[in-house]
Amino acid sequence: MDIIIAALMFPGLFLMIFLGIPIAFSLAVISVMAGWFAFGPMVFQQLYGSIYSAASNYVLSSIPLFVLMGAILEKSGIAKNLFDAIQMWMGKLPGGLSLTTIAMAAVFAAASGVVGAVEIMIGLMAIPAMQAYRYNNALISGTICAGGSLGTIIPPTVIVVVYAALAQLSIGALFAAIIFPGLIMLSLFALYVLGRCLLRPQDGPAVAAQDVERPLGEKLGITFKALVPPIVLMIAVLGSLLGGIASPTEAAAVGVAGALILSLINGGLSARSLNDSLAMTVRITAMILLIVAGGTMFTGIFAVNGGDRMVAEIAGSFGGGQLSVILFFLAVTFVLGFVLDWTSIVLICVPIFTPIVRSLGIDPIWFAVMVLVTIQTSYLTPPMASSIFYLKSIAPADITYGQMCRGVVPFIMAQLLTLAIVASFPAIATWLPDRVVGF
(Lines give C-alpha, C1' and ligand atoms only; values in the text may rest on other atoms or scores of the structure.)
Protein backbone atom coordinates (compact mmCIF):
# COMPACT_ATOMS: atom_id res chain seq x y z
CA MET A 1 0.00 0.00 0.00
CA ASP A 2 2.83 2.42 0.88
CA ILE A 3 4.47 1.93 -2.53
CA ILE A 4 1.16 2.67 -4.24
CA ILE A 5 0.81 5.90 -2.27
CA ALA A 6 4.36 6.91 -3.27
CA ALA A 7 3.62 6.10 -6.92
CA LEU A 8 0.49 8.26 -6.84
CA MET A 9 2.24 11.30 -5.35
CA PHE A 10 3.66 12.54 -8.68
CA PRO A 11 0.42 12.18 -10.68
CA GLY A 12 -1.38 13.96 -7.84
CA LEU A 13 1.20 16.75 -7.88
CA PHE A 14 0.93 17.22 -11.65
CA LEU A 15 -2.88 17.27 -11.44
CA MET A 16 -2.83 20.07 -8.85
CA ILE A 17 -0.32 22.08 -10.90
CA PHE A 18 -2.43 21.73 -14.05
CA LEU A 19 -5.42 22.96 -12.03
CA GLY A 20 -3.50 26.17 -11.42
CA ILE A 21 -2.56 25.65 -7.76
CA PRO A 22 0.86 27.20 -6.94
CA ILE A 23 3.68 24.66 -6.83
CA ALA A 24 4.61 25.26 -3.18
CA PHE A 25 1.04 24.66 -1.99
CA SER A 26 0.64 21.66 -4.32
CA LEU A 27 3.73 20.08 -2.78
CA ALA A 28 2.47 20.73 0.75
CA VAL A 29 -1.06 19.39 0.13
CA ILE A 30 0.18 16.19 -1.53
CA SER A 31 2.67 15.70 1.32
CA VAL A 32 -0.08 15.98 3.94
CA MET A 33 -2.39 13.60 2.06
CA ALA A 34 0.30 10.98 1.44
CA GLY A 35 1.79 11.42 4.89
CA TRP A 36 -1.55 10.68 6.55
CA PHE A 37 -1.28 7.07 5.37
CA ALA A 38 2.12 6.71 7.04
CA PHE A 39 1.67 8.73 10.24
CA GLY A 40 -2.03 9.43 10.67
CA PRO A 41 -2.76 12.58 12.69
CA MET A 42 0.95 12.78 13.65
CA VAL A 43 1.79 13.80 10.07
CA PHE A 44 1.81 17.49 10.97
CA GLN A 45 4.49 16.98 13.63
CA GLN A 46 6.57 15.04 11.09
CA LEU A 47 6.21 17.72 8.44
CA TYR A 48 7.12 20.42 10.92
CA GLY A 49 10.50 18.72 11.28
CA SER A 50 11.03 18.96 7.51
CA ILE A 51 10.13 22.64 7.46
CA TYR A 52 12.40 23.40 10.42
CA SER A 53 15.28 21.54 8.78
CA ALA A 54 14.91 23.59 5.59
CA ALA A 55 14.46 26.88 7.46
CA SER A 56 17.56 26.34 9.61
CA ASN A 57 19.86 25.40 6.71
CA TYR A 58 22.60 28.03 6.95
CA VAL A 59 23.73 27.55 3.34
CA LEU A 60 20.33 28.64 2.01
CA SER A 61 20.75 32.02 3.71
CA SER A 62 22.98 33.02 0.79
CA ILE A 63 20.02 32.88 -1.63
CA PRO A 64 18.48 36.29 -0.81
CA LEU A 65 21.92 37.92 -1.01
CA PHE A 66 22.69 36.46 -4.45
CA VAL A 67 19.23 37.53 -5.64
CA LEU A 68 19.70 41.03 -4.20
CA MET A 69 23.06 41.38 -5.95
CA GLY A 70 21.47 40.62 -9.32
CA ALA A 71 18.47 42.86 -8.64
CA ILE A 72 20.68 45.85 -7.80
CA LEU A 73 22.70 45.38 -10.99
CA GLU A 74 19.51 45.09 -13.04
CA LYS A 75 17.82 48.19 -11.61
CA SER A 76 20.87 50.46 -11.62
CA GLY A 77 21.36 50.88 -15.39
CA ILE A 78 24.61 48.92 -15.50
CA ALA A 79 23.02 46.45 -17.93
CA LYS A 80 22.32 49.15 -20.55
CA ASN A 81 25.90 50.42 -20.41
CA LEU A 82 27.19 46.88 -20.79
CA PHE A 83 24.98 46.19 -23.81
CA ASP A 84 26.18 49.36 -25.56
CA ALA A 85 29.84 48.57 -24.80
CA ILE A 86 29.73 45.01 -26.12
CA GLN A 87 27.78 46.15 -29.19
CA MET A 88 30.63 48.53 -30.12
CA TRP A 89 33.00 45.58 -30.51
CA MET A 90 30.68 42.89 -31.87
CA GLY A 91 28.03 44.88 -33.73
CA LYS A 92 29.86 44.87 -37.07
CA LEU A 93 30.10 41.06 -37.15
CA PRO A 94 27.40 38.97 -38.88
CA GLY A 95 24.73 38.48 -36.25
CA GLY A 96 26.58 41.00 -34.11
CA LEU A 97 23.55 42.02 -32.04
CA SER A 98 22.78 38.38 -31.27
CA LEU A 99 26.39 37.83 -30.24
CA THR A 100 26.18 40.95 -28.09
CA THR A 101 23.05 39.61 -26.42
CA ILE A 102 24.66 36.25 -25.65
CA ALA A 103 27.84 37.88 -24.29
CA MET A 104 25.83 40.24 -22.13
CA ALA A 105 23.66 37.37 -20.88
CA ALA A 106 26.80 35.46 -19.88
CA VAL A 107 28.16 38.37 -17.86
CA PHE A 108 24.87 39.04 -16.11
CA ALA A 109 24.17 35.36 -15.59
CA ALA A 110 27.48 35.28 -13.72
CA ALA A 111 26.59 38.42 -11.79
CA SER A 112 23.00 37.42 -11.01
CA GLY A 113 22.24 33.74 -11.57
CA VAL A 114 18.46 34.33 -11.65
CA VAL A 115 17.25 33.02 -15.03
CA GLY A 116 13.98 34.94 -15.36
CA ALA A 117 15.53 38.26 -14.31
CA VAL A 118 18.44 37.90 -16.75
CA GLU A 119 16.19 36.98 -19.68
CA ILE A 120 13.69 39.78 -19.15
CA MET A 121 16.44 42.34 -18.64
CA ILE A 122 18.33 41.49 -21.82
CA GLY A 123 15.11 40.99 -23.79
CA LEU A 124 13.87 44.50 -23.08
CA MET A 125 17.10 45.94 -24.47
CA ALA A 126 17.90 43.47 -27.25
CA ILE A 127 14.51 43.05 -28.96
CA PRO A 128 14.15 46.70 -30.08
CA ALA A 129 17.78 46.81 -31.21
CA MET A 130 17.56 43.60 -33.25
CA GLN A 131 14.17 44.43 -34.75
CA ALA A 132 15.51 47.81 -35.86
CA TYR A 133 17.99 45.90 -38.04
CA ARG A 134 15.29 43.46 -39.21
CA TYR A 135 16.71 40.39 -37.51
CA ASN A 136 14.86 37.13 -38.05
CA ASN A 137 12.25 36.78 -35.27
CA ALA A 138 13.18 33.14 -34.62
CA LEU A 139 16.83 34.12 -34.17
CA ILE A 140 15.83 36.95 -31.83
CA SER A 141 13.73 34.57 -29.75
CA GLY A 142 16.30 31.79 -29.61
CA THR A 143 19.13 34.15 -28.71
CA ILE A 144 17.28 35.75 -25.80
CA CYS A 145 15.87 32.50 -24.42
CA ALA A 146 19.23 30.73 -24.67
CA GLY A 147 21.09 33.69 -23.19
CA GLY A 148 18.71 33.85 -20.24
CA SER A 149 19.09 30.13 -19.59
CA LEU A 150 22.82 30.63 -18.97
CA GLY A 151 21.85 31.68 -15.44
CA THR A 152 21.78 27.96 -14.65
CA ILE A 153 25.29 27.07 -15.81
CA ILE A 154 27.36 30.25 -15.34
CA PRO A 155 28.47 30.67 -11.70
CA PRO A 156 27.53 31.99 -9.22
CA THR A 157 23.96 30.79 -9.56
CA VAL A 158 21.23 30.19 -7.01
CA ILE A 159 20.38 26.73 -8.33
CA VAL A 160 23.87 25.50 -7.41
CA VAL A 161 23.44 26.76 -3.85
CA VAL A 162 20.21 24.78 -3.44
CA TYR A 163 21.55 21.68 -5.20
CA ALA A 164 24.78 21.58 -3.17
CA ALA A 165 22.91 22.06 0.10
CA LEU A 166 20.60 19.12 -0.64
CA ALA A 167 23.30 16.81 -2.03
CA GLN A 168 25.76 17.74 0.74
CA LEU A 169 28.34 18.92 -1.77
CA SER A 170 30.73 21.85 -1.53
CA ILE A 171 29.12 24.88 -3.14
CA GLY A 172 32.53 26.14 -4.20
CA ALA A 173 33.37 22.80 -5.82
CA LEU A 174 30.10 22.77 -7.75
CA PHE A 175 30.62 26.38 -8.85
CA ALA A 176 34.08 25.36 -10.12
CA ALA A 177 32.62 22.31 -11.87
CA ILE A 178 30.21 24.30 -14.06
CA ILE A 179 32.76 26.86 -15.30
CA PHE A 180 34.15 24.81 -18.22
CA PRO A 181 30.77 23.34 -19.32
CA GLY A 182 29.38 26.88 -19.22
CA LEU A 183 32.18 28.16 -21.44
CA ILE A 184 31.68 25.27 -23.87
CA MET A 185 27.97 26.00 -24.12
CA LEU A 186 28.56 29.72 -24.54
CA SER A 187 31.02 29.00 -27.36
CA LEU A 188 28.56 26.68 -29.12
CA PHE A 189 25.85 29.35 -28.93
CA ALA A 190 28.17 31.94 -30.46
CA LEU A 191 29.41 29.59 -33.20
CA TYR A 192 25.84 28.77 -34.21
CA VAL A 193 24.84 32.44 -34.45
CA LEU A 194 27.98 33.38 -36.39
CA GLY A 195 27.63 30.41 -38.76
CA ARG A 196 23.95 31.02 -39.43
CA CYS A 197 24.45 34.71 -40.13
CA LEU A 198 27.41 34.03 -42.42
CA LEU A 199 25.26 31.63 -44.45
CA ARG A 200 22.09 33.75 -44.22
CA PRO A 201 23.14 37.40 -43.74
CA GLN A 202 19.51 38.53 -43.93
CA ASP A 203 18.77 36.72 -40.65
CA GLY A 204 21.22 38.85 -38.67
CA PRO A 205 22.67 41.84 -40.52
CA ALA A 206 25.74 43.59 -39.18
CA VAL A 207 25.22 46.92 -37.46
CA ALA A 208 25.95 50.00 -39.59
CA ALA A 209 29.50 51.20 -38.98
CA GLN A 210 28.39 54.73 -38.10
CA ASP A 211 26.24 53.37 -35.27
CA VAL A 212 29.13 51.72 -33.44
CA GLU A 213 32.26 53.44 -34.75
CA ARG A 214 34.18 55.36 -32.09
CA PRO A 215 37.78 56.45 -31.68
CA LEU A 216 39.79 53.63 -30.10
CA GLY A 217 40.48 55.58 -26.93
CA GLU A 218 36.78 56.32 -26.45
CA LYS A 219 35.84 52.68 -27.09
CA LEU A 220 38.37 51.48 -24.54
CA GLY A 221 37.11 54.00 -21.98
CA ILE A 222 33.46 53.03 -22.45
CA THR A 223 34.36 49.34 -22.31
CA PHE A 224 36.43 49.74 -19.17
CA LYS A 225 33.62 51.59 -17.42
CA ALA A 226 30.88 49.16 -18.48
CA LEU A 227 32.53 45.73 -18.66
CA VAL A 228 35.34 45.65 -16.13
CA PRO A 229 33.31 46.40 -12.97
CA PRO A 230 30.83 43.46 -13.39
CA ILE A 231 33.72 41.12 -14.19
CA VAL A 232 35.68 42.32 -11.15
CA LEU A 233 32.56 41.76 -9.05
CA MET A 234 32.18 38.23 -10.39
CA ILE A 235 35.85 37.47 -9.71
CA ALA A 236 35.52 38.87 -6.18
CA VAL A 237 32.52 36.67 -5.41
CA LEU A 238 33.87 33.48 -6.98
CA GLY A 239 37.45 34.12 -5.90
CA SER A 240 36.54 34.55 -2.24
CA LEU A 241 34.43 31.40 -2.40
CA LEU A 242 36.70 29.13 -4.45
CA GLY A 243 39.76 30.25 -2.51
CA GLY A 244 38.19 29.23 0.77
CA ILE A 245 38.36 32.80 2.04
CA ALA A 246 34.60 33.20 2.51
CA SER A 247 31.58 30.99 3.06
CA PRO A 248 28.80 31.07 0.44
CA THR A 249 26.81 33.57 2.49
CA GLU A 250 29.84 35.79 3.03
CA ALA A 251 30.72 35.62 -0.68
CA ALA A 252 27.15 36.64 -1.54
CA ALA A 253 27.45 39.55 0.91
CA VAL A 254 30.64 40.61 -0.89
CA GLY A 255 28.61 40.57 -4.10
CA VAL A 256 25.88 42.77 -2.66
CA ALA A 257 28.41 45.27 -1.33
CA GLY A 258 30.17 45.34 -4.70
CA ALA A 259 26.88 45.78 -6.58
CA LEU A 260 25.97 48.73 -4.34
CA ILE A 261 29.34 50.36 -4.94
CA LEU A 262 29.10 49.85 -8.71
CA SER A 263 25.57 51.25 -8.76
CA LEU A 264 26.68 54.29 -6.80
CA ILE A 265 29.62 54.91 -9.15
CA ASN A 266 27.35 54.38 -12.17
CA GLY A 267 24.86 56.92 -10.85
CA GLY A 268 22.04 54.38 -10.88
CA LEU A 269 21.59 54.01 -7.13
CA SER A 270 18.51 55.83 -5.90
CA ALA A 271 15.90 55.31 -3.23
CA ARG A 272 13.48 54.02 -5.87
CA SER A 273 15.93 51.58 -7.51
CA LEU A 274 16.99 50.26 -4.09
CA ASN A 275 13.36 49.82 -3.04
CA ASP A 276 12.58 47.99 -6.30
CA SER A 277 15.61 45.75 -5.81
CA LEU A 278 14.59 44.87 -2.25
CA ALA A 279 11.01 44.18 -3.34
CA MET A 280 12.21 41.88 -6.14
CA THR A 281 14.49 40.08 -3.69
CA VAL A 282 11.68 39.46 -1.23
CA ARG A 283 9.36 38.11 -3.94
CA ILE A 284 11.92 35.77 -5.51
CA THR A 285 13.34 34.58 -2.18
CA ALA A 286 9.90 33.92 -0.73
CA MET A 287 8.96 31.91 -3.81
CA ILE A 288 12.15 29.84 -3.69
CA LEU A 289 12.06 29.15 0.05
CA LEU A 290 8.35 28.24 0.04
CA ILE A 291 9.12 25.70 -2.67
CA VAL A 292 12.15 24.53 -0.66
CA ALA A 293 9.90 23.87 2.32
CA GLY A 294 7.26 22.14 0.20
CA GLY A 295 9.86 20.09 -1.68
CA THR A 296 11.50 18.96 1.56
CA MET A 297 8.13 17.80 2.86
CA PHE A 298 7.33 16.03 -0.42
CA THR A 299 10.61 14.10 -0.69
CA GLY A 300 10.50 13.13 3.00
CA ILE A 301 7.01 11.65 2.72
CA PHE A 302 7.89 10.06 -0.64
CA ALA A 303 10.83 8.27 1.01
CA VAL A 304 8.80 7.19 4.05
CA ASN A 305 6.26 5.55 1.74
CA GLY A 306 9.01 3.62 -0.01
CA GLY A 307 9.43 5.89 -3.00
CA ASP A 308 13.22 5.82 -2.86
CA ARG A 309 13.20 2.00 -2.99
CA MET A 310 10.76 2.15 -5.90
CA VAL A 311 13.02 4.53 -7.85
CA ALA A 312 16.06 2.36 -7.13
CA GLU A 313 14.23 -0.75 -8.35
CA ILE A 314 13.07 1.01 -11.54
CA ALA A 315 16.58 2.26 -12.25
CA GLY A 316 18.03 -1.21 -11.60
CA SER A 317 15.48 -2.89 -13.85
CA PHE A 318 16.97 -1.25 -16.95
CA GLY A 319 20.27 -3.08 -16.57
CA GLY A 320 23.53 -1.62 -17.82
CA GLY A 321 24.79 -0.41 -14.45
CA GLN A 322 25.83 3.22 -14.02
CA LEU A 323 24.98 4.28 -17.58
CA SER A 324 21.35 3.16 -17.42
CA VAL A 325 20.83 4.80 -14.03
CA ILE A 326 22.31 8.10 -15.24
CA LEU A 327 20.21 8.07 -18.41
CA PHE A 328 17.07 7.25 -16.43
CA PHE A 329 17.64 10.01 -13.89
CA LEU A 330 18.43 12.60 -16.59
CA ALA A 331 15.33 11.58 -18.53
CA VAL A 332 13.18 12.00 -15.41
CA THR A 333 14.73 15.42 -14.78
CA PHE A 334 14.09 16.48 -18.37
CA VAL A 335 10.44 15.39 -18.31
CA LEU A 336 9.81 17.09 -14.97
CA GLY A 337 11.17 20.28 -16.53
CA PHE A 338 8.06 20.42 -18.72
CA VAL A 339 5.89 20.88 -15.63
CA LEU A 340 8.01 22.13 -12.73
CA ASP A 341 10.44 25.00 -12.26
CA TRP A 342 14.07 24.36 -11.35
CA THR A 343 13.52 24.78 -7.62
CA SER A 344 10.90 22.06 -7.52
CA ILE A 345 12.94 19.71 -9.71
CA VAL A 346 16.03 20.05 -7.53
CA LEU A 347 14.06 19.77 -4.28
CA ILE A 348 12.25 16.64 -5.42
CA CYS A 349 14.92 14.82 -7.39
CA VAL A 350 18.22 15.48 -5.63
CA PRO A 351 17.34 13.80 -2.29
CA ILE A 352 16.03 10.79 -4.23
CA PHE A 353 18.87 10.53 -6.75
CA THR A 354 21.89 11.32 -4.56
CA PRO A 355 21.95 8.19 -2.32
CA ILE A 356 21.59 5.92 -5.37
CA VAL A 357 24.27 7.83 -7.29
CA ARG A 358 26.71 7.58 -4.39
CA SER A 359 25.97 3.88 -3.81
CA LEU A 360 26.86 3.12 -7.45
CA GLY A 361 30.17 4.97 -7.22
CA ILE A 362 29.13 7.73 -9.64
CA ASP A 363 31.00 11.00 -9.07
CA PRO A 364 28.33 13.27 -7.53
CA ILE A 365 29.95 16.45 -8.89
CA TRP A 366 29.99 15.10 -12.46
CA PHE A 367 26.40 13.89 -12.11
CA ALA A 368 25.32 17.26 -10.67
CA VAL A 369 26.72 19.12 -13.69
CA MET A 370 24.81 16.85 -16.06
CA VAL A 371 21.60 17.40 -14.08
CA LEU A 372 22.10 21.18 -14.22
CA VAL A 373 22.62 21.10 -18.00
CA THR A 374 19.51 18.92 -18.35
CA ILE A 375 17.43 21.34 -16.28
CA GLN A 376 18.72 24.21 -18.40
CA THR A 377 17.73 22.34 -21.56
CA SER A 378 14.23 21.73 -20.21
CA TYR A 379 13.89 25.53 -19.78
CA LEU A 380 14.06 25.89 -23.56
CA THR A 381 12.15 22.81 -24.71
CA PRO A 382 8.55 23.40 -25.92
CA PRO A 383 5.69 23.08 -25.25
CA MET A 384 6.14 23.97 -21.55
CA ALA A 385 9.33 26.03 -21.81
CA SER A 386 9.82 28.51 -18.97
CA SER A 387 12.19 30.63 -21.08
CA ILE A 388 9.59 30.99 -23.83
CA PHE A 389 6.96 32.04 -21.30
CA TYR A 390 9.33 34.69 -19.90
CA LEU A 391 9.97 36.00 -23.41
CA LYS A 392 6.28 35.93 -24.31
CA SER A 393 5.57 38.28 -21.42
CA ILE A 394 7.75 41.05 -22.93
CA ALA A 395 7.84 40.28 -26.68
CA PRO A 396 5.94 42.43 -29.21
CA ALA A 397 2.93 40.88 -30.94
CA ASP A 398 4.77 40.25 -34.22
CA ILE A 399 7.03 37.66 -32.53
CA THR A 400 4.80 34.60 -32.45
CA TYR A 401 4.90 31.53 -30.20
CA GLY A 402 5.72 29.39 -33.24
CA GLN A 403 8.74 31.56 -34.06
CA MET A 404 9.91 31.29 -30.46
CA CYS A 405 9.67 27.49 -30.56
CA ARG A 406 11.60 27.29 -33.85
CA GLY A 407 14.19 29.73 -32.59
CA VAL A 408 15.17 27.72 -29.51
CA VAL A 409 15.68 24.38 -31.33
CA PRO A 410 19.31 25.00 -32.49
CA PHE A 411 20.23 26.18 -28.99
CA ILE A 412 18.65 23.05 -27.49
CA MET A 413 20.90 21.04 -29.82
CA ALA A 414 23.91 23.01 -28.54
CA GLN A 415 22.92 22.23 -24.95
CA LEU A 416 22.51 18.53 -25.71
CA LEU A 417 25.92 18.56 -27.38
CA THR A 418 27.38 20.14 -24.24
CA LEU A 419 25.71 17.41 -22.16
CA ALA A 420 27.20 14.73 -24.44
CA ILE A 421 30.67 16.28 -24.16
CA VAL A 422 30.51 16.43 -20.35
CA ALA A 423 29.15 12.87 -20.21
CA SER A 424 31.94 11.59 -22.48
CA PHE A 425 34.73 13.52 -20.75
CA PRO A 426 33.96 13.75 -17.01
CA ALA A 427 37.22 15.62 -16.36
CA ILE A 428 35.63 18.72 -17.90
CA ALA A 429 33.48 18.91 -14.78
CA THR A 430 35.80 17.34 -12.20
CA TRP A 431 39.29 18.63 -13.06
CA LEU A 432 38.91 22.17 -11.73
CA PRO A 433 37.16 21.28 -8.43
CA ASP A 434 39.96 18.80 -7.69
CA ARG A 435 42.55 21.56 -8.03
CA VAL A 436 40.88 24.59 -6.52
CA VAL A 437 42.53 25.74 -3.32
CA GLY A 438 40.40 25.13 -0.25
CA PHE A 439 38.91 21.71 -1.12
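Okay, let's start with Leu-15, which is exposed at a relative accessible area of 51%; exposed is over 50%, buried is under 20%, and partly exposed is in between, using a 1.4 Å probe and protein chains only. Quick background: this is a predicted model, where local features need pLDDT of at least 70 and side-chain atom pairs count only at pLDDT 80 or more, while totals for chains, interfaces and linings use all residues. Numbering runs from 1 along each chain as its sequence is written, and side-chain values use heavy atoms, with hydrogens and water left out.

Leu-15 sits in helix 1 (residues 2-18); helices here are DSSP runs of H or I, at least four residues, numbered from the N terminus.

Now to the inside. The largest nonpolar core has 146 residues, and Tyr-163 and Phe-175 touch the most other members. Helix 19 (residues 364-380) gives the most to this core, with 12 residues. A nonpolar core, by the way, is a set of buried Ala, Val, Leu, Ile, Met, Phe, Trp, Tyr and Cys residues joined through side-chain atoms within 4.5 Å.

So what is Phe-175 in contact with, leaving aside its neighbours within four places in sequence? Contact means heavy atoms within 4.5 Å, and the list includes Phe-66, Pro-155, Val-160 and Leu-242.

Last one: is Ile-159 buried or exposed? Buried, at 2% relative accessibility. Ile-159 is in helix 9 (residues 158-167). Not counting residues up to four places away in sequence, Ile-159 touches Thr-152, Trp-342, Val-346, Leu-372 and Ile-375.

How values were computed: Helices (H or I, at least four residues) and strands (E, at least two) are DSSP runs, numbered from the N terminus.
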